[in-house]
Amino acid sequence: MTRKSIHAWATAVLLLVAPAAGAQRTYLHCGRLLDVRSGKLLSQQTLVVEKDRIVAVQAGYTVASSPQDKVISLENRTVLPGLIDCHVHVLSHPGKGSAINQFTMNPADYAYRALGDALATLRAGFTTVRDLGGEDGVNISLRNAINRGQVVGPRIFTAGAAISATGGHMDEADGLSRDLMEKYGQPANIANGPDQCRQAVREQFKRGADVIKIASTGGVLDLSKDGSGPQYSEEEIRAVVETARDLGLKVACHAHGAEGIKRAVRAGVASIEHGTLMDDQGRDLMRARGTWYVPTIIAGKSVADSARIPGYFAAAVVPKALSIGPLIQASCGKAYKANVKIAFGTDAGVYRHGLNALEFGYMTSAGMPAIEAIRAATVNAADLLGETSNLGTLEAGKLADIVALDGDPLQDISALMHPTFVMKAGVTYRQD
Ligand SMILES: [Zn+2]
């Protein structure tokens with residue numbers, strides 16, 4: 001090797017190993033840093049961020065080494081990983097009479113409305129959400145626009161359109177007049193029998209879904225008269241799960257009634273959403289199979305509240321909202337006691353986006369310790385998403401999703417309602 005080629009070689013190696021010359025680093029000085037795994041608050045730590053990742057966590061306050069580096073002082077704050085909500089609907093927005101939106105709104109109307117809701121979610125400290133269904137693929141386009149940096153919002157993992165049986169929870173034609181039923185009755189997300197179930201999964205995959213959402217029982221906000229009965233056979237759910245697994249997707253299953261929960265767990269879904277009427281047998285099955293439970297307590301409470309406002313919901317919805325809604329919190333408490341794995345989710349869109357952190361208070365009132373509720377929205381949620389290598393903790397190598405707040409959420413869980421700093425993938429979106 002000539003001296004010149006050795007020099008060129010050494011330079012190339014240096015470029016590979018050392019941070020690229022001019023790579024800007026951000027040093028976040030954290031007064032208290034919550035290690036969500038151990039549950040310990042570490043005092044005076046520095047998070048070092050380069051581009052979109054955390055590259056180091058250092059004890060004490062590290063001083064910037066280059067003039068282009070940035071220091072962010074969070075010395076009086078509690079710092080924790082960006083929060084994850086495993087059950088939102090980015091295209092839904094609460095309001096009186098919202099059942100007729102499907103006849104009055106165009107896809108672009110949903111998209112523009114979702115921009116404000118996505119921003120509110122991110123500013124509330126939720127840097128990642130799992131979107132469990134909306135029409136017209138607008139959720140998929142919104143995810144893409146956020147990923148491209150064209151609009152601001154949380155990182156979205158979306159189910160595209162949720163899959164259900166004819167007359168089931170996600171059949172938009174439920175309760176309509178006969179001619180409208182014909183018009184709306186057979187979209188790609190309505191599937192009956194194992195063959196159609198396989199086809200519906202493949203269709204959502206083709207459109208760009210990250211996760212598959214199904215309903216194995218009725219629901220509250222559709223126009224059918226019962227929310228608790230099973231709506232899919234175990235064979236149909238198994239066809240969904242196996243097809244999704246082949247495509248590398250997990251299945252989230254909306255289920256209120258005990259029988260629909262058990263069928264879905266036995267068929268191998270990754271998570272049960274709501275789980276309102278879960279019985280002992282269902283809890284045992286979930287614990288044994290490691291199925292996640294995503295309670296969405298706030299959704300149950302808010303639909304029960306709204307049902308008391310005359311005319312807010314269609315007549316068919318009111319009795320279901322009043323009877324099913326308030327039961328979710330107790331189900332969450334029982335599942336926690338039975339050692340069922342719990343991930344954080346809220347059904348945002350059923351209530352106002354941005355208030356997601358209210359769920360933490362409902363979880364602790366149900367009997368979960370504060371640190372367990374926080375784990376549900378960080379490490380547990382990352383695990384359910386299959387994103388443990390990127391999300392859920394503040395460690396070197398993870399994406400720089402970082403939230404800071406005044407106060408100590410382990411002492412007062414409501415502190416999570418008021419983040420003063422939000423960073424997603426190394427970009428600061430809130431700094432009060
Ligand atoms: Zn939902």
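Reader: How are the donor residues of the zinc ion spaced in sequence, and what makes a residue a donor here?

Author: The spacing of the donor residues is H-x1-H-x257-D, where donors are N, O and S atoms within 2.8 Å of the metal (3.2 Å for Na, K and Ca), and, as water is not among the atoms, sites may look incomplete. H87 (NE2), H89 (NE2) and D347 (OD) lie 2.1 to 2.2 Å from the zinc ion, and therefore they count as donors under the 2.8 Å limit. This is a predicted model, in which local features need pLDDT of at least 70 and side-chain atom pairs count only at pLDDT 80 or more, while totals for chains, interfaces and linings use all residues. Residues are numbered from 1 along each chain as its sequence is written, and side-chain values use heavy atoms, with hydrogens and water left out.

Reader: Why are H87 and D347 called buried?

Author: Buried means under 20% relative accessible area, exposed over 50%, and partly exposed in between (1.4 Å probe, protein chains only). H87 has 0% relative accessibility and D347 has 9%, so both fall under the 20% limit and count as buried.

Reader: Which residues is L391 in contact with, and why is L391 called buried?

Author: Contact means heavy atoms within 4.5 Å; leaving aside neighbours within four places in sequence, the contacts of L391 include R155 and D401, as well as I84, F157 and L399. At 5% relative accessibility L391 is under the 20% limit, and so L391 counts as buried.

Reader: How do you know the extent of domain 1 and domain 2, and what area is buried between them?

Author: The bounds come from an automatic or database domain assignment, which gives domain 1 (20-82 + 393-431) and domain 2 (83-385). The C-alpha centres of the two domains lie 31 Å apart, and the contact takes 24 residues from domain 1 and 26 residues from domain 2. Buried area is the accessible area (1.4 Å probe) that two parts lose on being put together, summed over both; between domain 1 and domain 2 this is about 1900 Å², of which carbon and sulfur atoms give 69%.
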